[in-house]
Amino acid sequence: MQWTMAVVLAAFVGMAVTSGKPLWAADEKTRSFPFSKDDIGKVPKGWKAEKTGRGEGSVWKVVEDDTAPSKSGVVLAQTAKSPGGVFNICVAEDTNYKDVELSVSFKAVAGDEDQGGGFVWRYKDNNNYYICRMNPLEDNYRVYKVVAGKRTQLGGKEGIKIPLAEWHKLKVEVKGSKMEGYLDGQKIWEIMDETYKDAGKVGLWSKADAQSHFDEFKAQELQ
């Protein structure tokens with residue numbers, strides 16, 4: 001009996017090895033980006049801080065936060081009081097998505113000119129990408145494109161009030177030219193745009209002096 005079980009187990013392992021992936025792996029189309037205490041005080045491993053616009057700013061680092069929804073005790077934070085024309089970006093360097101669902105938990109911590117933040121996707125470089133973001137200071141959730149460093153609003157919704165210093169969930173679904181934005185599980189906007197048709201990197205975004213915390217960032221490839 002023990003010999004039979006050993007043969008079966010060996011065959012199972014052999015199938016996993018020859019297929020190049022473990023048979024017990026979770027859904028490979030969904031990827032989580034956990035933040036580690038090993039990266040406290042710096043940009044997390046595998047990420048890169050970028051910015052659109054001129055001026056000092058876009059300082060991203062892992063910081064401690066006992067309220068993190070992931071229960072990890074740490075989050076990714078944009079900590080700089082950047083000038084008004086600066087977009088703070090932090091991209092996951094080894095990503096390349098075209099049709100994708102992005103989700104993240106965010107908390108607006110501070111900001112006199114701007115607050116909150118959101119995602120970038122189909123990111124080519126620091127001057128060419130899509131954005132959506134929630135700004136609790138302005139009570140709106142908008143989607144934009146950035147082309148050659150110039151931001152143009154594509155859609156969104158005004159009059160959305162959320163409490164400050166609390167965690168909220170953002171999600172965007174992108175498929176072809178169709179994009180849908182969600183806040184705390186509720187669909188807020190839908191737009192169509194064909195400026196960027198190819199795959200690109202994904203990441204997180206805030207503007208100016210918006211100092212925000214991000215946690216539970218996930219990307220799911222869509223078909």
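Reader: Hi! Quick one to start: is E173 buried, exposed or partly exposed?

Author: Hi! E173 is partly exposed, because its relative accessible area is 21%, and the cut-off for buried is under 20%. Keep in mind that this is a predicted model.

Reader: Noted. Which side chain does E173 meet in a salt bridge?

Author: That would be K171, with 3.3 Å from N to O. K171 also counts as partly exposed, at 23% relative accessibility.

Reader: And which ring does the charged end of K171 sit over?

Author: The ring of Y182, with the charged end of K171 4.4 Å from the ring centre.

Reader: Nice. Where else does a charged residue lie over the face of a ring, say for Y144?

Author: There the residue is R151, which lies over the face of Y144 at 4.1 Å from the ring centre.

Reader: Back to salt bridges, then. How many does the structure hold?

Author: The structure holds 15. One of them joins the side chains of K161 and D139, at 2.7 Å from N to O. That pair links distant parts of the chain: K161 is in the loop between β10 and β11, D139 is in the loop between β8 (128-135) and β9 (140-147), and 22 residues separate them.

Reader: Is K161 buried or exposed? And what about D139?

Author: K161 counts as exposed, at 66% relative accessibility. D139 is buried, with a relative accessible area of 18%.

Reader: Which residues are linked with K178 in a network of salt bridges?

Author: E180, K187 and E190 are linked with K178 in that network. Within it, the side chains of E180 and K178 meet at 3.3 Å, N to O. E180 counts as buried at 9% relative accessibility, whereas K178 is partly exposed with a relative accessible area of 34%.

Reader: Let's switch to strands. How many bridges join β11 to β12?

Author: There are 6 bridges between β11 and β12 (residues 178-183), and the two strands run antiparallel.

Reader: What about β6, how is it joined to β11?

Author: By 8 bridges: β6 (residues 100-110) and β11 (residues 167-175) run antiparallel. In that region F106 stands opposite H168 in β11.

Reader: What is the strand order in the open sheet of 7 strands?

Author: The order is β2-β5-β14-β7-β8-β9-β10, with antiparallel pairing. β2 (47-52) and β10 (150-158) are the edge strands, each pairing on one side only. The twist from one strand to the next averages 25°.

Reader: I'm curious about β14. How many of its residues are buried?

Author: β14 is mostly covered, with 7 of its 8 residues buried. On one hand, 7 bridges join β14 (residues 200-207) to β5, antiparallel. On the other, 4 bridges join β14 to β7 (residues 117-125), also antiparallel.

Reader: Which residues stand opposite G203?

Author: V91 stands opposite G203, and V120 stands opposite G203 too. A further contact point in β14 is V202, the bridge partner of A92.

Reader: Great. Now aromatics: how many pairs are there?

Author: The structure holds 11 aromatic pairs. Take W47 and F217: the ring centres are 5.7 Å apart and the planes are at 55°, so the pair is tilted. W47 and F217 are both buried.

Reader: Is the pair of Y123 and Y129 stacked or tilted?

Author: Stacked, with 5.4 Å centre to centre and 25° between the planes. Y123 is buried, as is Y129.

Reader: Which residues do ring pairs link into a cluster?

Author: F33, F35, W47, F119 and F217 make up that cluster.

Reader: Last one: where is S82, and what does it touch?

Author: S82 is in the loop between β4 (74-78) and β5 (87-97). Leaving aside residues up to four places away in sequence, S82 touches E56, G57, S58, N88, A208 and D209. S82 counts as buried, at 4% relative accessibility.

Conventions
Residues are numbered from 1 along each chain as its sequence is written. This is a predicted model: local features need pLDDT of at least 70, side-chain atom pairs count only at pLDDT 80 or more; totals for chains, interfaces and linings use all residues. Side-chain values use heavy atoms; hydrogens and water are left out. Buried means under 20% relative accessible area, exposed over 50%, partly exposed in between (1.4 Å probe, protein chains only). Contact means heavy atoms within 4.5 Å. Two strands pair if DSSP finds at least two bridges between them. Axes are lines fitted to C-alpha atoms, for helices over the stretch in contact, and angles run from 0 to 180 degrees between N-to-C directions. Rings of Phe, Tyr and Trp (its six-membered ring) pair if their centres lie within 6.5 Å; planes under 30 degrees apart count as stacked, over 60 as edge-to-face and the rest as tilted. A charge sits over a ring if NZ of Lys or CZ of Arg is within 6 Å of the ring centre and within 35 degrees of the ring normal. A salt bridge is a side-chain nitrogen of Lys or Arg within 4 Å of a carboxyl oxygen of Asp or Glu.
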